[in-house]
Amino acid sequence: PIYNRLLLESHPLFANITLIEGSSTNPETFKQVVAQIQPNQTVLVALDSCHTHEHVAQELALYAPLVTKGSYLVVFDTSVERFSEKHFKARPGTKNNNPHTAVTSFLEMNPEFKADTALEEKLLVTANFNGFLKKIS
């Protein structure tokens, strides 16, 4: 974490970044995030944290309401679902316990979001298949 912070602080655009350090699912961290949102601001949320179904499902439940209509909730590394079991030894998540499984469950229960596969096609290569969730209502 200190390495990441040092990299961010040395970046030329760091003046445009508000760094909030903490677990994404911690209520105090979430409060700090919410406090950054200004009225009538377009909000896009990117989730790239612990890659287990449970953790991503918690993030989706917390952060989805912040996304504004027409914007995106981007869930990174949904491609973990396509990895072979040998890739899971040194990382959280497994074949049926990962960001993609959480996204699939989330979309079934949240019709105001839709996976934007057209966006994926424009990118040509992505680690986030079905992970660009557009808020449509």
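**Exercise 1.** Work out how much space the largest pocket holds and which residues sit closest to its centre.

*Solution.* Start with the volume: the largest pocket holds about 710 Å³. This is a predicted model, where local features need pLDDT of at least 70 and side-chain atom pairs count only at pLDDT 80 or more, while totals for chains, interfaces and linings use all residues. Residues are numbered from 1 along each chain as its sequence is written, and side-chain values use heavy atoms, with hydrogens and water left out.

Next, the lining: 23 residues line this pocket, and Ile 20, Ser 24, Val 33, Ala 46 and Tyr 63 are the closest to its centre. Then look at the elements: α2 (27-35), β1 and α3 each give two or more residues to the lining. Helices (H or I, at least four residues) and strands (E, at least two) are DSSP runs, numbered from the N terminus.

**Exercise 2.** Find the residues with the most contacts inside the largest nonpolar core, then trace the contacts of Leu 133.

*Solution.* A nonpolar core is a set of buried (under 20% relative accessible area, 1.4 Å probe, protein chains only) Ala, Val, Leu, Ile, Met, Phe, Trp, Tyr and Cys residues joined through side-chain atoms within 4.5 Å. The largest one has 18 residues, and Val 45, Leu 60, Leu 73 and Leu 133 have the most contacts inside it. Elements giving two or more residues to this core include α3 (53-63), β2 (72-75) and α4 (99-109).

Now take Leu 133: leaving aside neighbours within four places in sequence, its contacts (heavy atoms within 4.5 Å) include Leu 60, Leu 73, Val 103 and Phe 113.

How values were computed:
Buried means under 20% relative accessible area, exposed over 50%, partly exposed in between (1.4 Å probe, protein chains only). On a 1 Å grid over the protein atoms alone, a cavity is a set of points where a 1.4 Å probe fits but cannot get out, and a pocket is an open set with protein on both sides within 12 Å along at least five of seven lines; lining residues have an atom within 4 Å of a point. Grid points are joined across faces, edges and corners, and a volume is the space filled by probe spheres set on the points.
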